[in-house]
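Good morning, and thank you for coming. Please look at the sequence and the model on the screen before we go through them together.

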Amino acid sequence: MHIVSLGYSSLMMKEYICKCAGHLSAGSDVYSFGVVLLELLTGRLPVQSVELGGDLVSWVKNSISSETELKHIFDSRLQVNNNIVLAEMVTVLKIALLCTNMLPLERPSMHDVVGMLEGVKNSLNPRQTLENRLSRLELQIAHSQIPTT
């Protein structure tokens with residue numbers, strides 16, 4: 001099936017724009033959903049001027065690797081004074097980063113994303129396999145191994 005996409009190119013994964021023009025996949029849906037989550041958390045547009053950080057995914061990853069305090073990444077209009085709310089927002093940020101992983105095979109399925117988000121909503125732990133992926137992401141952040149392009 002050949003699908004033509006109209007809309008924000010910034011919501012599409014970069015490999016789609018560069019290599020597969022016209023073909024969408026479950027991986028591109030997950031990437032786009034991750035960008036939407038980042039928009040909600042940061043209050044920023046998916047693409048901004050270079051002075052404001054350029055594309056949102058790179059801006060978030062650069063902000064994390066530059067050891068910016070995480071609550072400064074979040075939209076200033078959101079209440080992040082509550083530690084429980086901040087912890088939930090950080091978990092959603094991790095989920096968004098999993099969704100926007102540059103390696104399509106490393107992205108979770110939408111089914112897994114829904115499960116992770118339901119876990120945040122219900123204050124339940126995600127399934128063990130998803131917990132491992134989040135832990136790996138924390139290690140990547142700690143060691144600044146997250147690719148930004």
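Two remarks on the source are in order. This is a predicted model, in which local features need pLDDT of at least 70 and side-chain atom pairs count only at pLDDT 80 or more, while totals for chains, interfaces and linings use all residues. Residues are numbered from 1 along each chain as its sequence is written, and side-chain values use heavy atoms, with hydrogens and water left out.

Now to the overall fold. The chain has 6 helices and 0 strands, where helices (H or I, at least four residues) and strands (E, at least two) are DSSP runs numbered from the N terminus. Of its 149 residues, 40% are buried. Contact means heavy atoms within 4.5 Å. Among contacts with a separation of 6 or more, 50% join residues 24 or more positions apart.

Ser28 belongs to helix H2. Met110 and Asp29 are separated by 81 residues in sequence and by 8.0 Å in space, C-alpha to C-alpha. Met110 has 31% relative accessibility and therefore counts as partly exposed. Neighbours within four places aside, Met110 is in contact with Val30 and Phe33.

Next, the interior. A nonpolar core is a set of buried Ala, Val, Leu, Ile, Met, Phe, Trp, Tyr and Cys residues joined through side-chain atoms within 4.5 Å. The largest one here holds 27 residues, and Leu38, Leu41, Val60, Ile64, Phe74, Leu93 and Ile95 touch the most other members. Helices H2 (26-42), H3 (56-65), H4 (83-99) and H5 (110-121) each supply at least two of its residues, and H4 gives the most, with 10.

Because 8 of its 10 residues are buried, H3 is largely enclosed by the rest of the structure. The buried residues include Trp59, Val60 and Ile64. Not counting residues up to four places away in sequence, Val60 touches Leu38, Thr42, Ile73, Leu93 and Leu97.

Finally, how do two helices pack? Two packed helices are described by the angle between their axes and the distance between the axes. The axes of H4 and H5 come within 10 Å and cross at roughly 175°; axes are lines fitted to C-alpha atoms, for helices over the stretch in contact, and angles run from 0 to 180 degrees between N-to-C directions. H4 is therefore roughly antiparallel to H5, a term for angles over 145 degrees. On the H4 side, the contact includes Glu88, Thr91 and Ile95, and on the H5 side it includes Val113 and Met116.

Note on methods
Buried < 20%, exposed > 50% of the residue type's maximum accessible area, 1.4 Å probe, protein only. Parallel < 35°, antiparallel > 145°, perpendicular 65-115°, else oblique.
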